[in-house]
Amino acid sequence: MIDEPTRRLDEGALRALVPRVLAGLVRRGEDFDAAEDALQEALLEALRVWPEHPPRDPRAWLATVATRRLVDARRSEAARHRREEAIYAEPRPAATEEGDDTLFLLFRCCHPDLAPAAQVALTLRAVGGLTTREIADAFYVPEATMAQRISRAKRALRGRPLDQPGDLAVVLRVLYLVYTAGHAGRVDLAREAIRLARQLTLATEEPEACGLLALMLLNHARLPARFDSEGRVVTLDRQDRGRWDTRKIAEGVRVLQSALATQRPGRYQIEAAIAALHDDAASAEETDWPQILAWYDDLVALTDDPVRRDPAAVLGRAVAVGHVLGAAAGLRETDRLREVLGERHRWHAVRGHLHELGGDLPAAATAYADAARLATNVAERDHLVRQAARARAAELPSSA
Amino acid sequence: MPKYLLLKHYRGGPEPHRPVPPIDQWAPGDVEAHVAFQNHVSELLEENGEYVDAQALIPARTWVRYGGPDAAPVTTDGPHPETSDLVAGWWMIDVDSHERAVELAAYVSSEPGPGGEPLYEWIDVREVMWERPRTTDAA
């Protein structure tokens, strides 16, 4: 995965130009919806033409072709209405900074009135520079479905003023959604989310943007160890830590420290700090659980009524409690979540882990089996079935 | 070419030919072999050019019906007699003939169970209706 073929690298460079070209078109007064369509067509043409005929100035090429498409679109409209042809305008070089363009478009695509699925799709196309087909592949839906989702989103945004400041919290949530959508499809969405978050940190001083980037980097660093050669899930305590990406960890820690230095903590910074403590341990046994628990205390304190409003944080904290104060204390913490998370596989999986930590293998096997029945993805389901079978086998005669 | 669904069920269908406990109670090695076989079937179908789709469903089920004018949808997740049919997932295949679909379903059913011996699971084979009448030049 490190050395992609040249064509892939070209695609990456090409995609990075998309938000700059699009922002340039919109700032010039083009309609966002039409400009985004025109640029998507230019992008598809670039993917077709560039491998044979690389342009001298890729950004100008994209802007010119997109502008021609806009003119063509206007022409056919004009023909319908028997009006004068629109005049072809040479694109002026955008005067704004790259980071401003990204932020401007992210606010547009992550408009709070759009549903999350629409925000994600539009962001990947207009800011990420992915084709509709790539986005469709990443989410396992037909291309026509994704095209429709994107055009509906753009229709919903039509006529809204472009200059109002957006909601950064929504942007961060959308990028995190892209990250967690993972890397199963042809396009690695996790890497795409990291690339976008990195661009975002160039455009805003908000420490939570850095916190999010750090969180993604520190989690992504463990990806090479997260599955074995057969594609089986390997949990954190059993991962080969030599396979973690130390460069990503170093960058994540650096970005996190710069965010924490602003003394304006937030949930992404706190979650990144927890990830950093895991990444910092040379072995599972050396994990600094007391400090992880302290960060979890801060995390749950961010929300009123965390059991209802941030149960994932309370569940994560229960694991830390189990490691610091003992399995029984951890299980008591999970009891508080039974009503909220009792039907979720993660709750049962955590209880299986805590039972195993406390040496109660029959209870662990039952909890893992319950978790497997509720799991929503095949790799995780298979992993939980294995955990159940393993716990059950370990309690049989062979255990001394 | 006709398309078929090879449906796997959590429960329902004919009397099991070989009754076995739930998979989480098998020996770990048997679990591995079973999971590896499922992946192998998908790869085999892809290699053959017969693969269309494969999906797994979680067991939780909700029945929904129209609630009537201005009424919320009516839902229920029970009661389910233990014998009621519960689909676990499927492969959709695109094959030359019904015979080929049956052959593949039998192969799926030979998946290893406890002790590595075939599971003899009943597979529900359903032909997919075509959207339009078939013509000779259909792809």
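Ile274(A) is found in helix α13 of chain A, which covers residues 267-280. The model described here is predicted. Ile274(A) has 23 C-beta neighbours inside 10 Å and therefore counts as buried, the cut-off for this class being 20 or more. When neighbours within four places in sequence are left aside, the contacts of Ile274(A) are Ile292(A), Trp295(A) and Tyr296(A). Arg59(A) lies 215 residues from Ile274(A) in sequence, and the two C-alpha atoms are 40 Å apart in space.

A residue of another class is Arg173(A), in helix α8 (residues 168-180) of chain A. Arg173(A) counts as partly exposed because 17 C-beta neighbours lie inside 10 Å. From Arg173(A) to Ile270(A) the separation is 97 residues in sequence and 15 Å in space, taken from C-alpha to C-alpha.

Chain A as a whole contains 21 helices and 0 strands. Its length is 400 residues, of which 42% count as buried. Of the contacts in chain A between residues at least 6 apart in sequence, 60% join residues at least 24 apart.

The largest nonpolar core comprises 109 residues. Those with the most contacts inside this core are Leu22(A), Leu39(A), Leu62(A), Ala66(A), Leu175(A), Ala214(A) and Tyr368(A). Helix α10 of chain A, residues 207-220, gives the most to the core, with 9 residues. For Leu62(A), the contacts beyond four places in sequence are with Leu17(A), Val21(A), Leu39(A), Ala42(A) and Ala46(A). Another core, of 12 residues, lies apart from the largest one and includes Tyr4(B), Ile93(B), Leu104(B) and Ala105(B).

Two helix pairs were examined, one inside chain A and one between the chains. Two packed helices are described by the angle between their axes and the distance between the axes. Within chain A, the axes of helix α5 (residues 116-126) and helix α7 (residues 143-157) come within 9 Å and cross at roughly 95°. This angle falls in the range from 65 to 115 degrees, so α5(A) and α7(A) are roughly perpendicular to each other. On the α5(A) side, the contact is formed by Ala117(A), Ala118(A), Ala121(A), Leu122(A) and Arg125(A). These residues meet Met146(A), Arg149(A), Ile150(A), Arg152(A) and Ala153(A) of α7(A). By class, the residues of this contact divide into 7 nonpolar, no polar and 3 charged.

The second pair joins helix α21 of chain A (residues 378-395) to helix α1 of chain B (residues 28-48), with axes that come within 8 Å and cross at roughly 160°. An angle over 145 degrees counts as roughly antiparallel, and α21(A) and α1(B) are therefore roughly antiparallel to each other. Their crossing is right-handed. Pro28(B), Val31(B) and Val35(B) of α1(B) meet Asp382(A), Val385(A), Arg386(A), Ala389(A), Arg390(A) and Ala393(A) of α21(A). The contact of α21(A) with α1(B) has 6 nonpolar, no polar and 3 charged residues.

Between the two chains, 16 residues of chain A are in contact with 11 residues of chain B. On the side of chain B that touches chain A, α1(B) gives the most, with 3 residues. The residues of chain B on this side comprise 9 nonpolar, 1 polar and 1 charged.

Technical notes: Residues numbered from 1 in each chain as written. Chains lettered and ligands numbered in written order. Predicted model: local features only at pLDDT ≥ 70, side-chain atom pairs only at ≥ 80, totals over all residues. Helix = DSSP H or I, 4+ residues; strand = E, 2+ residues; numbered from the N terminus. Contact = placed C-beta atoms within 7 Å. Axes fitted to C-alpha atoms, helices over the stretch in contact; angles between N-to-C directions. Parallel < 35°, antiparallel > 145°, perpendicular 65-115°, else oblique. Left-handed = near helix turned anticlockwise from the far one by under 90°. Nonpolar A, V, L, I, M, F, W, Y, C, P; charged D, E, K, R; others polar. Core = buried A, V, L, I, M, F, W, Y, C linked by C-beta atoms within 7 Å.
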